[in-house]
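Q: I would like to learn how to read the features of a two-chain model. Could you take me through them step by step?

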Amino acid sequence: MRALIIDDSAVMRKVIERALRQAGLELTEVLQASNGEEALQALRSDGGSASPIRLIVSDINMPVMDGLQFLEARRDEKLAEGVPVVMITTEGSEPFVLRAIAAGAQGYICKPFTADQVKARVLPLLQVA
Amino acid sequence: MLGNGGVSVSEERIARLDSAVSEVFEMMLDRSCGPVDAEIGIHERITARIQFSGAITGECLVYASQTVAQIAAEALLGTVSETCDPMVEDAVGELCNMIAGGWKSKLGSSEAVCLISVPAVTRDGTLGFRDEFGTSYHRCYSFQGNVFGVALAFQS
């Protein structure tokens, strides 16, 4: 399966990819974006793909376009509808969580995190999707 | 000023910082990490800074020697990195981000209503505290004998 990881830190994108693989996901391709705008471009380009993206993981606190703005823009543009989005972020306060869920996030994980937490939050979403 | 259980507010904030640092290293690097009495030389230091704005205004700094930063980056990534690998700076920035975020999340709900910036990282060792903040804490930590520093300065 293909996944999109959005984080302004290349280190964190690698750490998240490793955690997803440790969770048992068979990732054939991992697209990477360093902010929400790059992620929107990736989703626009991916429209109509024979093997579409099946999981999006996003940070919130990023330059250019943050993760909440990305969620809202994705919803407004109807990009990758039905694809689960999991936020992985240091912003754990309730206003951020509520806004993310309202904008379409189905999972929320606070940094620091363990691979077990990623597995527990991500796998159920993929079985439903 | 005393907080919960007769513990001073300063002690509470330092305990929260210790807890935040320990959690980041346990969960993300699979390493134990605790406070130590030590000094960090200012030469060849990599410093990452996160700024708080809102109910708390201030900043969190994480600083380490090039060698310790590289060891931390390798532990975080699970791979070997090169001396001037930009991933080392990125890793120190992410450690600072997670420590600052973890410390913020342990504050009371009214204090935690603040935003944190993306990390800024420098190798020149001159990125220091701003003088305008009223409270500051400096603390050194060690994981497997590798020492690094964390500093907090803020007004609330």
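Predicted model: local features only at pLDDT ≥ 70, side-chain atom pairs only at ≥ 80, totals over all residues.

The dialogue below goes through a sheet, a helix, a pair of hairpin strands and an interface in turn.

Q: In which order do the strands of the open sheet in chain A lie?
A: Strands of a sheet pair through backbone hydrogen bonds, either parallel or antiparallel. Strands here are DSSP runs of E of at least two residues, helices are runs of H or I of at least four, both numbered from the N terminus, and two strands pair if DSSP finds at least two bridges between them. In chain A, five strands form an open sheet in the order 2-1-3-4-5 with parallel pairing, and strand 2 (29-33) and strand 5 (107-110) are its edges, each pairing on one side only. Strand 4 (residues 85-89) of chain A is joined to strand 5 by four bridges, with A:Met87 and A:Tyr108 as bridge partners.

Q: Which residues of helix 1 of chain A are buried?
A: A residue counts as buried if 20 or more other C-beta atoms, placed from the backbone, lie within 10 Å of its own. In helix 1 of chain A the buried residues include A:Val11, A:Ile16 and A:Leu20, and just after this helix A:Gly24 takes a positive phi of about 105°.

Q: How many bridges join strand 6 of chain B to strand 7 of chain B?
A: Nine bridges join strand 6 to strand 7 (residues 146-155) of chain B, and the two run antiparallel, with B:Ser142 opposite B:Val147. Two residues lie between the strands of this hairpin, where B:Gln144 takes a positive phi near 50°. Strand 6 (residues 135-143) of chain B also pairs with strand 1 (residues 34-36) of chain B, in the antiparallel sense over three bridges, and there B:Pro35 stands opposite B:Tyr141.

Q: Which element gives the largest share of the side of chain B that touches chain A?
A: Two residues are in contact if their C-beta atoms, placed from the backbone, lie within 7 Å, and 21 residues of chain B are in contact with 19 residues of chain A. Helix 1 (9-29), helix 2 (66-77) and helix 3 (86-105) of chain B each give two or more residues to the side of chain B that touches chain A, and the largest share, ten residues, comes from helix 3.

Technical notes: Residues numbered from 1 in each chain as written. Chains lettered and ligands numbered in written order. Buried ≥ 20, exposed ≤ 12 C-beta atoms within 10 Å, placed from the backbone.
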